[in-house]
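Please read the following report alongside the sequence and the structure. It begins with the arrangement of the chain as a whole and then turns to single elements and residues.

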Amino acid sequence: MDYIATLLTSIQTALSITESMSKSFSIMKNAEYTLKIADLMNILADAKINISELKNEIDNKISQIQKLNNLLETKEKLEFKEPFYYMQGKPDAYCSRCWDKDNRLIHVGPLVKTNIDKIRICPECKNEYIVEQEKISMGAIKTSR
Ligand SMILES: [Zn+2]
């Protein structure tokens, strides 16, 4: 923020000029001028603080905008192929619950075989996704989803 840096420099210069004026012998003799210069110094000091806070707020907003832009870019690259999300052209599967709920990309765990299903588990939310179900009747017949 070049404008803010310039503004801070201007205020600092005004403060320095005001301080040197307050030390001037002719002004020190006049109580009214002394009070006005003290007021002016207070106003400039407050302005300096407010501008610094404004700079922090703007920096925070810029950071938020960057995070939202990154999120938007990620959303544009994601594809949903039930039950997982995938980055375009990449094989890694991401937990759809974690993405839908918190916009977090969490790799689901490897295929795990249970008694009746083949599942993948999200290490974060522990959601279990049935990837393949086995029907047991006169031998195992697999049907994939
Ligand atoms: Zn998850």
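## Domains and overall form

In this predicted model, the centres of domain 1 and domain 2, taken over C-alpha atoms, are separated by 55 Å. Domain 1 covers residues 2–76 of the protein chain, and domain 2 covers residues 82–144.

The C-alpha atoms of the protein chain fill a box of roughly 110 × 25 × 15 Å along the principal axes. The radius of gyration is 32 Å, whereas a compact globule of 145 residues would have one near 15 Å. Of the 145 residues in the chain, 8% are buried. Among the contacts between residues at least 6 apart in sequence, 27% join residues that are at least 24 apart.

## Confidence

The mean pLDDT of the protein chain is 88, and 90% of its residues reach 70 or more.

## Order of the elements

Four helices and seven strands make up the secondary structure of the protein chain. Read from the N terminus, the elements follow the order α-α-α-β-β-β-α-β-β-β-β.

## The helices α1 and α3

Helix α1, residues 2–22, has 21 residues and reaches 30 Å from its first C-alpha to its last, which is close to the 30 Å expected at 1.5 Å a residue. The number of buried residues among the 21 of α1 is zero, so this helix lies largely in the open. Helix α3, residues 31–77, has 47 residues, and its span of 69 Å between first and last C-alpha is likewise close to the expected value, 69 Å at 1.5 Å a residue. Of these 47 residues the number buried is one, and therefore α3 also lies largely in the open.

N30 lies in the loop between α2 (25–28) and α3, and N30 is exposed because 12 other C-beta atoms lie within 10 Å, where a count of 12 or fewer is the criterion. N30 and E79 are 49 residues apart in sequence and 76 Å apart in space, C-alpha to C-alpha. T74 lies within helix α3 and counts as partly exposed, with 14 C-beta neighbours inside 10 Å. From T74 to G89 the separation is 15 residues in sequence and 13 Å in space, C-alpha to C-alpha.

## The nonpolar core

Which residues form the largest nonpolar core? It has eight residues, namely Y85, A93, Y94, C95, C98, V108, C122 and Y129. The largest share of this core, three residues, comes from strand β3, residues 93–95. One of the core residues, A93, touches F84, Y86, H107 and V108, leaving aside residues up to four places away in sequence.

## Strand β6 and E132

E132 has its place in strand β6, residues 128–136. With 15 other C-beta atoms within 10 Å, E132 is partly exposed. E132 and N56 are 76 residues apart in sequence, and their C-alpha atoms are 52 Å apart in space.

## Backbone features in the loops

Most residues other than glycine have a negative phi, and most peptide bonds are trans. A cis peptide bond joins E82 and P83, with omega at about 5°, and P83 has its place in the loop between β1 (78–81) and β2 (84–87).

Where in the chain does N103 lie? N103 is in the loop between α4 (96–102) and β4 (112–113), and its phi is near 55°, a positive value in a residue other than glycine. K126, which is not a glycine, has a positive phi of about 65°, and its place is in the loop between β5 (117–121) and β6. As to their surroundings, N103 counts as exposed because it has 10 C-beta neighbours inside 10 Å, and K126 counts as exposed with 10 such neighbours inside 10 Å.

Conventions:
Residues are numbered from 1 along each chain as its sequence is written. This is a predicted model: local features need pLDDT of at least 70, side-chain atom pairs count only at pLDDT 80 or more; totals for chains, interfaces and linings use all residues. Domain bounds come from an automatic or database domain assignment. pLDDT is the predictor's confidence in each residue, from 0 to 100. Helices (H or I, at least four residues) and strands (E, at least two) are DSSP runs, numbered from the N terminus. The expected span of a helix is 1.5 Å times one less than its number of residues. A residue is buried if 20 or more other C-beta atoms lie within 10 Å of its own, exposed if 12 or fewer, and partly exposed in between; C-beta atoms are placed from the backbone. A nonpolar core is a set of buried Ala, Val, Leu, Ile, Met, Phe, Trp, Tyr and Cys residues joined through C-beta atoms within 7 Å. Two residues are in contact if their C-beta atoms, placed from the backbone, lie within 7 Å. The radius of gyration is taken over C-alpha atoms; the globule rule is 2.2 Å times the number of residues to the power 0.38.
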